[in-house]
Amino acid sequence: MTIPFNRFPLLVQIEILSQLGFQDIFLLSLTSEKMRNLIQFIKLKPKKVQYALSDNGIQVSVGFTGDDKDFHHMANMRHVPQISVKERKQVNLGGVKIQSR
């Protein structure tokens with residue numbers, strides 16, 4: 001059975017989202033423009049954003065305190081040099097149409 005999250009009152013939705021982990025909130029913000037706008041009500045403001053660059057990708061972490069050890073992993077992005085046209089699919093990610101595979 002699914003829960004009708006969008007039918008809950010706004011304050012209930014915000015309270016539920018504020019109980020989630022940072023990575024879950026980030027991933028939910030990518031699902032739709034409405035969800036991204038709703039997550040902005042939580043007002044998460046990281047004090048530090050850390051990007052770790054490597055040969056094949058980027059790792060993104062955020063810190064909400066001044067402590068350098070208190071970083072939460074948010075996303076891994078892998079560099080793909082070239083994708084053939086047959087492998088590409090157009091998807092809607094956060095209200096923006098992008099090509100992906």
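This is a predicted model: local features need pLDDT of at least 70, side-chain atom pairs count only at pLDDT 80 or more; totals for chains, interfaces and linings use all residues.
My rule pairs rings of Phe, Tyr and Trp (its six-membered ring) with centres within 6.5 Å; planes under 30 degrees apart are stacked, over 60 edge-to-face, the rest tilted. The ring centres of F5 and F8 lie 6.3 Å apart with planes at 80°, so I logged the pair as edge-to-face. I then checked burial (buried is under 20% relative accessible area, exposed over 50%, partly exposed in between; 1.4 Å probe, protein chains only). F5 is buried at 18%. F8 is partly exposed at 29%.

Local features here need pLDDT of at least 70 and side-chain atom pairs 80 or more, while totals for chains, interfaces and linings use all residues. Residues count from 1 along each chain as its sequence is written, and side-chain values use heavy atoms, without hydrogens or water.

Next I traced the sheet. I took strands as DSSP runs of E, at least two residues, numbered from the N terminus, and called two strands paired at two or more DSSP bridges. Three strands make an open antiparallel sheet, ordered 1-2-3. Strand 1 (48–54) and strand 3 (71–78) are the edges; each has a single partner strand, so one side of each lacks a neighbour in the sheet. The twist averages 20° from one strand to the next. I found seven bridges between strand 1 and strand 2, in the antiparallel sense. A52 sits opposite Q59 of strand 2.

Last, I looked up S61. S61 lies in strand 2 (residues 57–63). At 9% relative accessibility, S61 is buried. Leaving out residues up to four places away in sequence, S61 touches K48, V49, Q50, F71, H72, H73 and M74 (contact: heavy atoms within 4.5 Å).

Note on methods. Helices (H or I, at least four residues) and strands (E, at least two) are DSSP runs, numbered from the N terminus. Axes are lines fitted to C-alpha atoms, for helices over the stretch in contact, and angles run from 0 to 180 degrees between N-to-C directions.
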